[in-house]
Amino acid sequence: MERLSEKIIQYMIKNSILSEDDKDIYAFGLTQMIRALLTIITTIFIGFCFGKIIESIVFVVFTALIRINSGGYHSDSPVGCYFISVISIIITLYLVGKQVFNVRLMMVLLVVSFVVFIKYAPIGHFNKVLDEIEVSTYKRRLLWTLLTIAFVEIIFVVVQKIYLFSAGGYACIFSMLMLIVGKYRLNYYYNNKDKKQIMNQ
């Protein structure tokens, strides 16, 4: 994707559409747009294969809204991130189809996930340490996101769209698991870093 973005940007610079000075900014933005477009196309395709397009869209939208503000585990490779997304969508649609969790159990898991988010999120990355202002901003956005999701989930139950309620619930559970893994990975990184610093002293 990076190579494709670079070729497009070079073409636009060559034809005087973009300035050479803004090359890196446009390349980053274009790469992100291509990734998002690929995720959307893949989501719709997988949903179509399962006959559950709306469920797949609910899952991806809820997941994106939560993870943007909560952070958590991210693969170091864009390809790895893509395949994690694909696998999570497939598993979710399978579980929704099999109706593995009933409404009461899903509500309990939703409450648990919300508690975990409120207690531990946001989680940064060892390449992106969050300062106090960023933590406060992401936390506030996350709380509003969770309230919105809770409201939508209640509507799904009231109108008896349990399959959509389940898709949203799995998005919260998946995001919670990624948060936990991300926190463990970050703690592991800092613990090993401290040990290395002690050994080098």
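Among contacts in the protein chain that link residues at least 6 apart in sequence, 75% join residues at least 24 apart. The model is a predicted one, and this tour moves through it by selection.

**Whole chain.** Display the protein chain as a cartoon and colour by secondary structure: there are seven helices and zero strands. Read from the N terminus, the order of elements is α-α-α-α-α-α-α. Of the 201 residues in the chain, 34% are buried.

**The core.** Select Phe114 and Phe117 next. Within the largest nonpolar core, which has 33 residues, these two touch the most other members. Helices H3 (53–70), H4 (78–98), H5 (103–120), H6 (132–158) and H7 (162–200) each supply at least two residues of this core. Which helix gives the most to this core? H7 does, with twelve residues. In soluble globular proteins, nonpolar side chains tend to be buried together. Centre the view on Phe114 and show its surroundings: setting aside residues up to four places away in sequence, Phe114 touches Leu146, Ile149, Ala150 and Cys172.

**Isoleucine 173.** Move to isoleucine 173, in helix H7. Is this residue buried or exposed? Its relative accessibility is 14%, and isoleucine 173 therefore counts as buried. Beyond its neighbours within four places in sequence, isoleucine 173 is in contact with Phe101, Met106 and Leu109.

**Helix H6.** Select 132–158, the extent of H6. At 1.5 Å a residue, its 27 residues should span 39 Å, and the end C-alpha atoms are 39 Å apart, so the two values agree. Within H6, the buried residues are Leu142, Thr145, Leu146, Ile149, Glu153, Phe156 and Val157. An α-helix has 3.6 residues a turn, so residues three or four places apart point the same way.

**H3 against H6.** Two packed helices are described by the angle between their axes and the distance between the axes. The axes of H3 and H6 come within 8 Å and cross at roughly 160°; the two helices are therefore roughly antiparallel to each other. Their crossing is left-handed. To see the contact, show Val58, Phe62, Leu65, Ile66, Ile68, Asn69 and Ser70 on H3, which meet Tyr138, Arg141, Leu142, Thr145, Ile149, Val152, Glu153 and Phe156 on H6.

**H3 against H4.** The crossing of H3 with H4 is right-handed. Glu55, Ser56, Phe59 and Val60 of H3 make the contact with Ser88, Ile89, Thr92, Leu93 and Val96 of H4.

**Two backbone features.** Most residues other than glycine have a negative phi, and most peptide bonds are trans. Select alanine 121 and proline 122: a cis peptide bond joins them, with omega about 0°. Proline 122 is in the loop between H5 and H6.

Finish at glutamine 160, in the loop between H6 and H7. With 58% relative accessibility, glutamine 160 counts as exposed.

Methods. Residues numbered from 1 in each chain as written. Predicted model: local features only at pLDDT ≥ 70, side-chain atom pairs only at ≥ 80, totals over all residues. Heavy atoms only, no water. Core = buried A, V, L, I, M, F, W, Y, C linked by side-chain atoms within 4.5 Å. Buried < 20%, exposed > 50% of the residue type's maximum accessible area, 1.4 Å probe, protein only. Helix = DSSP H or I, 4+ residues; strand = E, 2+ residues; numbered from the N terminus. Contact = heavy atoms within 4.5 Å. Expected span 1.5 Å × (residues − 1). Axes fitted to C-alpha atoms, helices over the stretch in contact; angles between N-to-C directions. Parallel < 35°, antiparallel > 145°, perpendicular 65-115°, else oblique. Left-handed = near helix turned anticlockwise from the far one by under 90°.
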